[in-house]
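Please examine the structure shown below. The paragraphs that follow begin with its core and then turn to its strands.

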Amino acid sequence: MALTTIPARHGKALRLRRNQAVKLVNVHGTQVVDCWAWNAADMHEHMSMEATRVWNQRLNPEVGDSFVTNFRNPILTLVEDTSPGVHDTFMAACDCQRYARLGVTEYHRNCLDNMYEAVRDLGLEPAQPILASFNVFMNIAVQADGRTLATKPTVTRPGDYITLKAEMDCVVAFSACPQDIVSIQGQGDNTPKDAAFEVLDSGFPDLPPSSTWVPVTKGPQG
Ligand SMILES: [Zn+2]
């Protein structure tokens, strides 16, 4: 299948069958792309960043890590990543209220509206607004004090990509983030740019879904 463009400041959604994958390409190397996913059979079940952090015990996913839903089922697994691996699971997707707080007085395109537009283009309806997106290529650094975050420009290169394998039949939405006020879009002038994706039937690492983390229990001897 050919690459589909995610136009700058806009969203695109797609359907994946279980064991298909989607390759998300940072065409210009500077663009943050917000990502959501839903169980195709039940739009109330969606990819959850908070449940995923519990599952993997990691701030950000690495190759081999799965994303899980609000019902704690694996939905996507990161099977390839040619980027430096800097992504974000913390920051809320941008929305109208965020731009208003940033001082924007007119309508500003935003990731949350892009998500709704993209999913509705498939004839589906998200069950609720989801601010907790997987922010692919976004550079949010934990500072040395272990608690403070720093919002930084992307560190990706043109053509860097990640591949997400579907663990269930699902719907995936991407938004080429329209953020042009907070400097997140790579080095330079912070201009939002196109990204692209490709649905794959094969040709990607066939990694199994990751297992949930469980604490090591101490035996009677300690
Ligand atoms: Zn955004």
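In the largest nonpolar core, which has 51 residues, Leu24, Val33, Ala37, Cys170, Val172, Ala173 and Phe174 touch the most other members. A nonpolar core is a set of buried Ala, Val, Leu, Ile, Met, Phe, Trp, Tyr and Cys residues joined through C-beta atoms within 7 Å. A residue is buried if 20 or more other C-beta atoms lie within 10 Å of its own, exposed if 12 or fewer, and partly exposed in between, with C-beta atoms placed from the backbone. Strand β12 (residues 170–176) contributes six residues to this core, the most of any element; strands are DSSP runs (E, at least two residues), numbered from the N terminus. The model is predicted: local features need pLDDT of at least 70, side-chain atom pairs count only at pLDDT 80 or more, and totals for chains, interfaces and linings use all residues. Residues are numbered from 1 along each chain as its sequence is written.

Strand β11 (residues 160–166) has seven of its seven residues buried. Asp160, Ile162, Leu164 and Ala166 lie on one side, and Tyr161, Thr163 and Lys165 on the other. Strands pair if DSSP finds at least two bridges between them. Strand β3 (residues 21–26) runs antiparallel to β11 and is joined to it by six bridges, while β7 (residues 74–81) pairs with β11 in the antiparallel sense over five bridges. Isoleucine 162 in β11 is the bridge partner of leucine 24, and aspartate 81 also stands opposite isoleucine 162.

Glutamate 198 belongs to strand β13 (residues 195–200). Why is glutamate 198 classed as partly exposed? Glutamate 198 is partly exposed because 16 other C-beta atoms lie within 10 Å.

Notes
Helices (H or I, at least four residues) and strands (E, at least two) are DSSP runs, numbered from the N terminus.
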